[in-house]
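I am opening a notebook on this structure. My entries follow the order in which I looked things up.

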Amino acid sequence: MTTTENIKNGVNVDQLMGTIEAVQGKPELAKFEFRAKTNWIEGGHCVTSAKSFYGVCEEDTTRKETFTMEADHPEVLLGKDLAATPAEIVLHALGSCLTGAMTYHAAAQGIEIEGMESSLDGDVDLHGFLGLNPEVRKGFKGIRVKFKVKSDASEEQLRALSQFSPVFDIITNPTPVSIEFEK
């Protein structure tokens, strides 16, 4: 007897539904802690590594690779242009998470997505970062996301699917951040 996997949008829907049922039956499975460690190199150049995380009630041991991400600044911002800026990395995180949320939730609802791409833009005024005007925000004044999606889903359906993105939630709602220093 041959079985075929229930794959939609590259997502194993049976596994996804099994995960949903498991979390409904045991809510503590939903608690995750993600970690990253950033090492400064020089100027604005840093390297962040991510490997370990806690999830499904235990420390993860399945991840074999340590993932690294670099950040720097272009020369006009006194960097050496060795990597994307931290602001561009935020745009990457948002675009990737919106895309993933839409893909997974569309699969769970039986919605086919044949193709998707997004472009993201964010405006920053250096008066805030440079401390020249305390009234000017240091970060993005706003972010614009434009999607091109090949799907039978309506714009309203796609917008609703995008709202499941954790990074969208992080960016659009205040997230408490504590900062500690050791010497």
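Does Val124 count as buried, partly exposed or exposed, and why? I looked it up: Val124 counts as partly exposed because its relative accessibility is 41%. The classes are buried (under 20% relative accessible area), exposed (over 50%) and partly exposed in between, with a 1.4 Å probe and protein chains only.

Entry on the source. I note that this is a predicted model, where local features need pLDDT of at least 70, side-chain atom pairs count only at pLDDT 80 or more, and totals for chains, interfaces and linings use all residues. Residues are numbered from 1 along each chain as its sequence is written, and side-chain values use heavy atoms, with hydrogens and water left out.

Entry on the chain. I find five helices and ten strands. Helices (H or I, at least four residues) and strands (E, at least two) are DSSP runs, numbered from the N terminus. The chain has 183 residues, and 21% of them are buried. Its C-alpha atoms fill a box of roughly 65 × 40 × 30 Å along the principal axes.

Entry on the largest pocket. I read a volume of about 2000 Å³. A pocket is an open set of points on a 1 Å grid over the protein atoms alone, where a 1.4 Å probe fits, with protein on both sides within 12 Å along at least five of seven lines; lining residues have an atom within 4 Å of a point. The volume is the space filled by probe spheres set on the points, which are joined across faces, edges and corners. I see 44 lining residues, with Phe34, Ala93, Pro166, Val167 and Ile170 nearest the centre. α2 gives the most, ten residues. Elements that each supply at least two include α1 (13–25), β5 (45–50) and α5 (166–172). The lining divides into 30 nonpolar, eleven polar and three charged residues. Here Ala, Val, Leu, Ile, Met, Phe, Trp, Tyr, Cys and Pro count as nonpolar, Asp, Glu, Lys and Arg as charged, and the others, Gly among them, as polar.

Entry on the second largest pocket. I read about 790 Å³. It has 26 lining residues, and His73, Thr85, Ala87, Val124 and Lys138 are the closest to its centre. The largest share of this lining again comes from α2, with five residues. α3 (126–129) and β10 (142–151) are among the elements that each supply at least two. I note 14 nonpolar, eight polar and four charged residues in this lining.

Last entry, back to Val124. I place Val124 in the loop between β9 (113–123) and α3.
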